[in-house]
Amino acid sequence: MDAALADRLRSDLLAARYTVDRLRQLWGDDADAALSRGDRVPAVRALRGSDDPAAVLARLFLLGEPADDATLDTALPATGAAGARALGIVDADGRAALDVRPSAAIDATGPVDWLIVSDLGETALGGPLPPEHVLGVGGASITLSGLIPTSPVDTVLDLGTGCGIQALHAARHADRVVATDISARALELASLTLALNGVSRVELRQGDLFAPVTGERFNRIVSNPPFVITPRVESVPLYEYRDGGRVGDALVEDVIRGAAEHLVPGGTAHLLANWEYRDAMAGDGLARVRRWAEEAGLEAWVVERERQTPVAYAATWIRDGGTRVGTPEYEMLAEAWLDDFAARGVTAVGFGYVLLRQPVDPTAPLLRRTEVVNSPLGSAPTGIGDHLLACLAAHDRVARLDDAGVAAVRFAAAPDVTEERHYWPGDEGPTVIRLRQGGGFARTIEADAALAGLVGASDGDLMVGAIVSALADLLEVDEGALRAQLLPQVRELVLTGFLLPA
Ligand SMILES: C[S@@+](CC[C@H](N)C(=O)[O-])C[C@H]1O[C@@H](n2cnc3c(N)ncnc32)[C@H](O)[C@@H]1O
């Protein structure tokens with residue numbers, strides 16, 4: 001990549017105000033929503049005839065229309081049509097050769113506008129993606145960015161960087177980022193992405209999984225790895241962006257085990273993953289992920305968000321490759337996928353989040369939690385990464401304490417917790433009490449009068465033990481029995497962020 005030319009392109013794109021907000025202003029909310037459903041017609045109509053540079057660039061890069069040299073020279077005055085061709089973003093016919101699109105994000109540090117370079121998608125290509133396709137920012141990328149904490153750290157490893165989106169996020173909070181990919185093409189496009197955003201603290205390295213960082217350790221690892229389970233037969237295309245070249249979910253196992261070799265004590269890894277549920281002999285999918293982390297000596301918090309049958313999973317990924325159901329090609333691929341699952345006795349595939357931590361003190365009680373949470377996440381626009389780290393810190397605070405120790409802690413109900421009570425008409429006592437969390441995983445738990453009373457009285461001043469005593473008096477129940485019921489519930493509420501150590 002010609003760095004000086006990339007710099008000229010950056011200044012042209014900034015001057016053109018080629019941003020998410022500007023484009024929405026130019027084509028309107030309705031066209032914007034249509035475009036996100038793959039319908040470009042309203043946007044094409046809205047921009048037709050406009051010589052606003054952002055409109056010219058959107059027609060070229062987002063709507064698939066060619067631009068002649070004179071138009072390009074005007075829209076990109078410092079780069080020019082010749083420069084755009086030299087950078088490989090425009091072809092000889094004046095059509096986009098790469099997808100260059102604005103992307104907006106928000107995290108705890110504030111909002112940011114980026115420019116992302118990736119390969120052209122199916123709409124622009126008019127057909128299935130080639131195996132070496134470099135993915136742009138998709139739903140999974142956004143999900144992962146929302147899981148990454150924003151506390152400052154020295155070093156971050158972005159494993160499988162693709163277009164570079166996670167490296168951009170990481171560079172906001174780290175002194176140094178190493179971003180790796182097996183694909184040389186992905187690294188070329190990531191390098192242009194980084195240049196267009198003026199980000200220089202990311203080092204790009206090529207290789208399989210952790211090979212490019214042998215012997216190095218990081219404070220944080222982030223990865224949306226190529227976890228898609230794919231039959232290893234020649235007739236099935238291997239898409240580099242989603243398939244890490246292993247049998248079943250072995251890629252995820254390799255990433256988890258490898259993380260143990262590359263995290264400093266206290267360092268965390270934030271991953272998206274798939275895991276197989278196999279027949280009764282091999283046990284359940286979440287337990288397998290937990291075992292990989294345990295054997296690697298890592299703490300783990302694994303959250304399953306979705307589970308698919310083998311048939312549904314195969315259909316999802318065959319269609320993702322651009323093959324339509326009902327065609328002979330689809331049937332051949334579906335046979336291959338179902339044979340592959342049958343060979344390992346796979347009964348379902350789970351999808352979700354994996355949070356790993358290198359223990360600081362391996363003799364302390366370690367967090368090893370697996371759970372299914374398939375309700376929508378909380379309302380925080382900045383994601384749940386910081387919430388997860390706060391939960392880990394709260395866990396550390398109470399996990400070492402015995403029950404007497406927990407009883408001596410003062411907790412405060414988190415500010416996003418609300419209580420909901422349902423009554424039979426005319427009744428004095430509620431039939432159902434629910435505690436709801438506004439942020440984080442937006443969990444809802446059913447509480448009895450004692451638990452609701454404990455959370456309600458947790459204002460940071462009273463110790464848990466004192467609240468339990470008062471509740472036992474009030475409810476006329478045995479204090480020891482109430483304590484035995486409530487203290488494990490308090491531990492759970494602390495880990496899940498309902499109660500904060502004061
Ligand atoms: C799903 S994409 C994620 C891209 C980007 N990080 C994001 O969040 O959108 C997975 C990336 O992993 C890369 N990859 C595939 N196999 C790999 C391997 N064995 N080692 C390292 N990277 C690999 C692919 O080239 C691709 O860029």
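Reader: What should I know before I start?
Author: The model is predicted, so local features need pLDDT of at least 70 and side-chain atom pairs count only at pLDDT 80 or more, while totals for chains, interfaces and linings use all residues. Residues are numbered from 1 along each chain as its sequence is written, and side-chain values use heavy atoms, with hydrogens and water left out.

Reader: How many residues surround the ligand?
Author: There are 18, each with a heavy atom within 4 Å of the ligand. The closest are S141, G160, D181, D208 and L209.

Reader: What does L209 do there, in distances?
Author: A backbone N or O atom of L209 is 2.8 Å from a ligand nitrogen atom; a polar contact is a pair of N or O atoms within 3.5 Å.

Reader: New topic. At what angle do helix 2 and helix 4 pack?
Author: Helix 2 (residues 20-36) and helix 4 (residues 53-61) pack at about 90 degrees, with axes 10 Å apart. Helices are DSSP runs of H or I, at least four residues, numbered from the N terminus, and axes are lines fitted to C-alpha atoms over the stretch in contact, with angles from 0 to 180 degrees between N-to-C directions. That makes helix 2 roughly perpendicular to helix 4, a label for 65 to 115 degrees.

Reader: Which residues meet?
Author: R22, L23, L26 and W27 in helix 2 meet A54, A55 and A58 in helix 4, with contact meaning heavy atoms within 4.5 Å.

Key: Polar contact = N/O pair within 3.5 Å; in protein donor to acceptor, adjacent residues only side chain to side chain. Helix = DSSP H or I, 4+ residues; strand = E, 2+ residues; numbered from the N terminus. Parallel < 35°, antiparallel > 145°, perpendicular 65-115°, else oblique.
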